[in-house]
Protein chains: 4
Amino acid sequence: MAWPNKNKDMLYRRVGNSGLHVSAIGLGGWLTFGGHVDNEVTFACMKQAYDCGVNFFDTAESYANGQSEIVMGEAIRRFGWKRSDLVISTKLNWGMANGEILINNHGLSRKHIVEGTRASLERLQLEYVDIIYAHRPDRLTPMEETVRAFNHVIDKGWAFYWGTSEWSADEISEACGIAKQLGLVGPIVEQPLYNLLDRRKVEGEFQRLYTRCGIGLTTFSPLKMGLLSGKYNDATTEPPAGSRFSESQDRFANQVRRDWEKDEWSGVIQKVIKLKALADRLGFKLSQLALAWCLKNENVSAVITGASRPEQIVDNVQSLKLLPKLTPEILAEIDELLENKPALDPARQD
Amino acid sequence: MAWPNKNKDMLYRRVGNSGLHVSAIGLGGWLTFGGHVDNEVTFACMKQAYDCGVNFFDTAESYANGQSEIVMGEAIRRFGWKRSDLVISTKLNWGMANGEILINNHGLSRKHIVEGTRASLERLQLEYVDIIYAHRPDRLTPMEETVRAFNHVIDKGWAFYWGTSEWSADEISEACGIAKQLGLVGPIVEQPLYNLLDRRKVEGEFQRLYTRCGIGLTTFSPLKMGLLSGKYNDATTEPPAGSRFSESQDRFANQVRRDWEKDEWSGVIQKVIKLKALADRLGFKLSQLALAWCLKNENVSAVITGASRPEQIVDNVQSLKLLPKLTPEILAEIDELLENKPALDPARQD
Amino acid sequence: MAWPNKNKDMLYRRVGNSGLHVSAIGLGGWLTFGGHVDNEVTFACMKQAYDCGVNFFDTAESYANGQSEIVMGEAIRRFGWKRSDLVISTKLNWGMANGEILINNHGLSRKHIVEGTRASLERLQLEYVDIIYAHRPDRLTPMEETVRAFNHVIDKGWAFYWGTSEWSADEISEACGIAKQLGLVGPIVEQPLYNLLDRRKVEGEFQRLYTRCGIGLTTFSPLKMGLLSGKYNDATTEPPAGSRFSESQDRFANQVRRDWEKDEWSGVIQKVIKLKALADRLGFKLSQLALAWCLKNENVSAVITGASRPEQIVDNVQSLKLLPKLTPEILAEIDELLENKPALDPARQD
Amino acid sequence: MAWPNKNKDMLYRRVGNSGLHVSAIGLGGWLTFGGHVDNEVTFACMKQAYDCGVNFFDTAESYANGQSEIVMGEAIRRFGWKRSDLVISTKLNWGMANGEILINNHGLSRKHIVEGTRASLERLQLEYVDIIYAHRPDRLTPMEETVRAFNHVIDKGWAFYWGTSEWSADEISEACGIAKQLGLVGPIVEQPLYNLLDRRKVEGEFQRLYTRCGIGLTTFSPLKMGLLSGKYNDATTEPPAGSRFSESQDRFANQVRRDWEKDEWSGVIQKVIKLKALADRLGFKLSQLALAWCLKNENVSAVITGASRPEQIVDNVQSLKLLPKLTPEILAEIDELLENKPALDPARQD
């Protein structure tokens with residue numbers, strides 16, 4: 001499949017069992033666009049991505065208190081990109097669209113899904129997004145209410161598809177079942193955290209969802225907040241002071257870090273050092289290995305990357321050239337090195 | 001959960017088994033807003049309520065012949081409140097929106113539900129309400145027509161949820177069953193009369209609905225037309241002349257009074273006098289005891305209060321501070337004093 | 001419709017909105033057959049009933065610890081009655097089939113409905129009953145399980161129809177809704193207590209069920225444990241010692257009595273004395289008035305009567321001759337005398 | 001609720017959201033009945049259990065290659081127990097009913113579910129079981145085929161309910177959704193491994209299933225193959241030679257052990273030693289503490305225990321007396337000691 005600017009390097013993949021195609025490398029606005037990155041730099045990053053064949057731009061009502069959506073929408077208008085060439089996604093729930101969590105402005109109630117979608121479209125200055133995600137599960141609202149509300153959003157033409165983010169396997173399974181029972185549209189995609197160091201959910205807990213529910217993945221945090229870029233490889237004993245691993249800066253960082261025990265740092269760094277050596281051997285950067293490795297998982301439709309400089313995007317897209325070099329032997333070597341490959345459930349399967 | 005003005009005293013509760021949250025104290029426009037209360041006073045009351053953290057404002061097409069909706073909508077615009085912060089409800093049926101009951105301008109036909117909803121939104125100058133209630137059952141219209149019509153209203157985006165008011169348990173059960181059968185949205189809430197002196201329906205007849213149908217309650221008449229404010233406590237032998245209890249002024253008053261026999265007045269006043277003594281002992285007003293007592297029932301999402309002066313609202317919200325003092329022992333004392341606690345049905349249950 | 005022995009006096013009515021017809025006077029085995037009445041007398045009573053055109057014989061697993069079913073089945077075989085001429089009903093739940101309530105031998109679980117039906121058929125020595133009733137609601141077992149289990153019983157050919165007994169209106173409404181949703185058979189009949197002194201449930205709470213759910217009634221306790229035979233009319237101040245009204249002999253008596261306050265006895269007896277005078281004026285016995293009055297309610301398919309002597313049955317059947325004399329004027333006179341006619345719900349109806 | 005022999009000590013609980021009641025202590029035939037335990041001893045154990053009020057007897061087609069079912073059925077006939085007093089369950093899949101796994105004699109295909117159920121009933125010499133479990137998931141057979149096949153078994157009258165064993169949360173959720181979509185009966189119960197040392201699945205992964213799907217639990221391995229009886233407390237450094245922990249005797253043992261790393265043994269034994277001290281303080285055996293602790297989880301309907309001597313059963317039933325002593329404070333002490341309490345998912349919940 002071609003792209004307006006004829007970039008031949010980009011890969012495009014179907015999102016789960018839907019007809020929608022996204023670039024294997026997506027660009028996300030988490031903590032950067034509208035936040036600590038200057039607007040002009042954001043525009044440059046988005047332009048670079050587009051020029052590299054990226055069609056998938058991901059944001060959320062909560063990113064930078066809504067500013068991420070505003071800046072992303074501005075970029076689309078500024079460059080005069082054709083709407084149909086783009087896949088734009090945003091996310092509801094996990095609040096902060098208004099700077100703080102208020103009574104009904106978060107969660108997955110019908111009220112917030114409708115009001116939140118409209119507010120996001122207003123900020124984006126778009127008529128519709130391609131995918132709207134439930135940014136987190138809401139265990140108070142009945143699943144049926146949530147499934148119906150996302151279908152209302154689709155019926156209104158405000159989104160083409162809906163998905164989930166950081167849901168559990170049984171919740172995705174429940175949502176799909178309710179959609180089927182009611183003759184409604186189920187989620188087509190889940191957006192989980194996934195990287196070389198965090199494999200349990202995507203390869204373990206979710207293992208039965210892909211074929212059973214037709215769910216695809218757009219994954220985030222491929223570099224685990226920079227850890228898999230190798231930039232902490234000198235800090236072999238503890239997280240360097242001032243890094244996101246040493247201080248509790250935000251809820252997001254806490255979550256990414258949540259599975260770690262205190263003494264694990266040095267063990268993790270040893271593994272990252274070995275991965276770096278492997279990347280060197282293959283002639284790529286460690287960050288490129290980290291991205292390409294995610295895409296070797298056929299259930300991953302796109303890896304969502306962040307960027308605060310346009311050059312990073314070029315680098316990220318180059319990682320696709322590493323894909324053919326990640327042979328079964330190399331992947332097995334990585335599994336052995338990491339010792340974190342989830343066991344497939346042993347019950348009767350082919 | 002926070003509220004724009006940071007009021008810490010208010011409680012917010014889920015409405016039945018839905019994702020919508022309302023303030024435990026709601027403000028209703030029955031007989032006051034647009035009616036005997038001056039518009040400026042209405043505005044002051046609504047502002048006071050909002051400042052106290054009230055997010056739930058309830059009206060009906062029939063209140064003050066539609067004037068209640070008009071005034072309430074005007075207040076929302078005047079104060080520039082954000083729509084998503086508010087939960088606005090109105091009600092259809094029980095007529096009088098146009099000053100008198102005409103052939104098709106009441107009831108729960110598809111025609112009136114659609115036309116009535118649109119007329120209410122026009123008066124409110126809103127795009128949608130959060131909850132639309134069937135103000136009374138309609139025993140002529142087939143339930144399926146009514147359930148389908150409310151779903152049409154929701155599909156159109158004119159309301160997020162629908163509920164019932166003063167329906168019987170078997171009617172609510174029938175509506176839920178039809179919604180389930182047809183894959184439609186059932187009612188999430190019933191609005192019954194409920195107070196210390198009227199417990200049979202909420203605690204008796206409805207006892208099986210809460211878990212079986214996921215129905216929540218927004219209750220009205222917590223003070224029984226002022227009787228539970230103690231203002232009639234000197235009239236120990238008969239209702240004072242000129243009061244709403246001595247004259248049949250309106251259908252509403254007749255209904256609230258309907259369960260009483262002629263000689264009951266003095267017995268009731270004796271109980272109210274005892275309740276007053278209990279409230280004194282707890283250091284609260286009788287009216288505050290009456291409100292807080294309703295909220296000790298976990299099936300009550302909100303108590304809808306009236307107000308003709310802003311100070312009443314402050315008083316009402318203060319009643320939430322009484323909740324922790326209503327211990328099981330105090331509640332048992334009230335039950336003994338009132339002798340009106342409905343028996344739980346004796347059939348096999350845990 | 002004719003009856004094998006050409007009795008012309010009996011009336012036959014459809015059971016609710018089904019195709020089944022029962023004699024307006026049914027014969028029940030509660031506390032008599034298999035219990036304090038000698039088997040030979042039971043046989044004589046059943047023969048007398050059959051000869052009078054009674055086709056409807058009602059029993060329950062719990063009557064006389066299962067003996068009622070055994071004796072009733074024996075009578076059917078002894079007289080060689082044709083199975084298709086008879087309508088036989090039994091009931092499950094409310095235990096005591098085995099002399100006491102054990103873990104799973106009561107309630108409305110699938111287990112007990114299946115096992116209980118088979119045990120009843122075994123005792124009756126029948127292949128099937130015409131109607132199987134849920135003798136009481138079971139608020140632990142999900143309604144769906146119960147509806148499915150009764151359908152299983154019908155699918156197996158062990159019963160033609162199912163019904164309820166002493167359920168609330170909302171439970172019957174729920175059962176009908178679930179049956180409709182699942183494409184299953186709903187209950188066709190409810191068996192409530194109903195007599196001149198106990199009208200609230202049948203005429204009030206149930207008022208919407210008859211047309212909405214197609215439910216018919218087979219009523220029990222038409223004489224309120226003898227009170228409406230006039231036999232206590234001399235005891236004007238308190239229940240006579242040794243009567244079922246003075247002593248708590250059994251759960252059944254307690255239930256029939258449950259709505260009474262202590263001082264009510266004399267007021268009730270005064271009403272019964274007036275009813276007796278009315279019956280005299282009409283040239284019938286008070287007990288006949290009590291039966292005929294129940295049958296003036298068009299929702300009543302049959303009144304289930306008890307008998308410990310064959311003559312009582314002749315008397316009971318004679319009460320049908322009183323029906324034409326119960327004119328609207330006489331019924332209004334009875335309503336005025338009793339002061340217990342439930343108000344029809346005032347909401348919009350024709 | 002009573003039990004034929006009037007045992008007052010036993011507790012009976014509903015199985016999930018069904019109407020079926022089981023004794024809180026169940027007796028299972030895994031590895032014992034029909035296996036290494038002599039038949040006469042099995043009979044004595046079953047008699048002892050029955051005499052203690054146990055009504056729940058659990059077996060499986062695979063236990064002792066089918067011999068467990070044969071011996072259990074023989075015991076029921078030998079003692080002349082009434083079928084309706086008992087709750088008998090068996091399980092399909094995980095093969096070995098015929099001594100080895102053959103092409104179609106395992107799994108959850110329609111073929112094996114039907115053929116396997118009939119073979120089990122033949123071995124048990126029963127007309128039906130109360131619950132039939134899917135002993136393990138089958139990831140080759142489509143879930144719809146499995147759900148339909150278990151419904152066929154129920155429609156045929158071969159079982160009253162069906163359940164799962166060692167399924168994942170998303171599989172149970174999928175099964176429930178398919179049942180709902182197709183108007184069929186879903187599983188009512190899951191049979192997982194659960195004990196003081198293995199809490200992740202029951203308290204973590206399953207946390208949303210109980211209310212959403214109405215699933216109850218009958219748990220196995222409460223003593224973790226004897227480890228929680230304290231019998232290995234002297235082996236502080238490594239599993240004693242010859243124990244089930246040192247040798248891979250069977251698949252079952254491997255599974256129970258599966259979560260352990262090599263060096264964990266001594267840490268585990270230290271915890272067990274502390275638990276023993278706590279049990280001593282409470283005046284009970286450690287094994288009794290282990291059983292009672294499982295039952296403090298309100299989602300557990302029954303703990304399935306094994307026995308090779310009748311005295312063990314008396315001991316196990318005595319553990320119920322410990323329940324009131326397991327106060328919130330004691331449970332918190334246990335949590336602190338074990339450090340294995342799964343975190344509740346942090347997403348929006350009350």
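In this predicted model, 22 residues of chain A are in contact with 21 residues of chain B, where contact means that the C-beta atoms of two residues, placed from the backbone, lie within 7 Å. On the side of chain A that touches chain B, helix 3 (110-124) and helix 4 (143-155) of chain A are the elements that give two or more residues. Helix 3 of chain A provides the largest share, 4 residues. Helices (H or I, at least four residues) and strands (E, at least two) are DSSP runs, numbered from the N terminus.

This is a predicted model, in which local features need pLDDT of at least 70 and side-chain atom pairs count only at pLDDT 80 or more, while totals for chains, interfaces and linings use all residues. Residues are numbered from 1 along each chain as its sequence is written, and chains are lettered from A and ligands numbered from 1 in the order in which they are written.

Chain B also meets chain C, in a contact that takes 23 residues from chain C and 23 residues from chain B. Helix 5 (169-182) and helix 7 (209-213) of chain C each supply at least two residues of the side of chain C that touches chain B. Helix 5 of chain C gives the most, with 9 residues.

The table lists both sides by class.

Other pairs of chains remain apart. Chain A and chain C do not touch, and their nearest C-alpha atoms are 12 Å apart. Chain B and chain D do not touch either, with their nearest C-alpha atoms 10 Å apart.

Two copies of a chain are related by a rotation about an axis and a shift along it. Chain A is superposed on chain B by a rotation of 91 degrees with 0.9 Å of shift along the axis (RMSD 0.1 Å). This is the relation of a four-fold axis. The superposition is by least squares on the C-alpha atoms of residues with pLDDT of at least 70 in both copies. The copies use different surfaces, as 5% of the contact residues of chain A recur in chain B. Of the residues of chain A, A:Gly183 comes closest to the rotation axis, at 5.8 Å (C-alpha).
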